[in-house]
Amino acid sequence: MVDMFLDHVLVENNWDQDELNTEREITGILENRILLLFFAAADNAKCKEFLPVLNDFFTRLKDPAYIEYPKLMALIYVSVDQTEEQQERVLKDLHKRTLFLPFEDPYRQQLQAKYKITEIPTVVVLRPDSSVLSPNAVQEISQCGCDCFSNWQESAGIVERSFMLNEEFDNLNLRTATDPVKRLKYKTEDDKRKKRWWKPWTKGRATQDEEEEADRAWDSKRKEGDTKGRWRLI
């Protein structure tokens with residue numbers, strides 16, 4: 001999927017409209033992500049109706065204000081507008097993390113032809129390997145909201161590791177996004193107690209066995225009442 005845009009400039013929909021034009025920048029923002037290609041136009045009535053739905057969907061999955069760990073997803077607006085001013089009108093209603101192709105880039109028309117766009121709005125959903133997950137997810141997003149992303153993630157085989165795995169996680173042959181949770185091994189205090197760690201021998205320090213013997217002797221004397229006037233040194 002990254003290869004699709006390596007020879008092109010992607011622009012971030014932020015205040016400065018930063019351009020991403022190096023392999024490192026484009027790889028960093030698209031690699032191992034589900035990609036949504038949003039084909040729309042400002043003057044289309046259906047696009048106007050769907051735009052806030054898509055923006056809310058994307059915001060809830062990517063904005064730290066709504067979610068602690070933003071999802072591995074990217075959204076690129078592929079304008080079908082007739083003018084750059086119309087394209088800007090759409091971008092004003094999209095999240096700042098949305099990406100878009102410059103209006104003058106003919107790659108917009110090439111993408112329309114490649115994915116056989118015959119109606120708008122259209123949201124083409126791609127796996128990280130560029131294969132098509134959904135040729136048009138507009139209805140799915142409208143009906144299922146954020147829940148549909150879990151289905152895409154599962155189908156694409158993307159695993160998000162927002163937590164630390166146990167060092168003894170011995171089988172990393174993951175098949176689904178839920179496998180890490182199902183197969184995670186938690187260490188408990190009981191497990192720790194089962195392990196016996198021996199302190200290294202040092203001059204003037206008793207071994208662990210001697211310390212345990214001293215504990216037992218002290219407990220015995222305490223029960224017999226032979227601790228009066230004595231202090232135990234630890």
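Arginine 60 and aspartate 56 form a salt bridge whose closest N and O atoms are 3.1 Å apart, the term denoting a side-chain nitrogen of Lys or Arg within 4 Å of a carboxyl oxygen of Asp or Glu. Because these two residues stand four residues apart in helix α2, about one helical turn separates them; helices (H or I, at least four residues) and strands (E, at least two) are DSSP runs, numbered from the N terminus.

The model is predicted, with local features needing pLDDT of at least 70 and side-chain atom pairs counting only at pLDDT 80 or more, while totals for chains, interfaces and linings use all residues. Residues are numbered from 1 along each chain as its sequence is written, and side-chain values use heavy atoms, leaving out hydrogens and water.

The whole structure holds three salt bridges, tabulated here.

| Pair | N to O distance |
|---|---|
| Arginine 89 – aspartate 43 | 2.9 Å |
| Arginine 60 – aspartate 56 | 3.1 Å |
| Arginine 89 – glutamate 85 | 3.7 Å |

Asp43, Glu85 and Arg89 are linked in a network of salt bridges. Since arginine 89 lies in helix α3 and aspartate 43 in the loop between β3 and α2, their pair ties together parts that are 46 residues apart in sequence.
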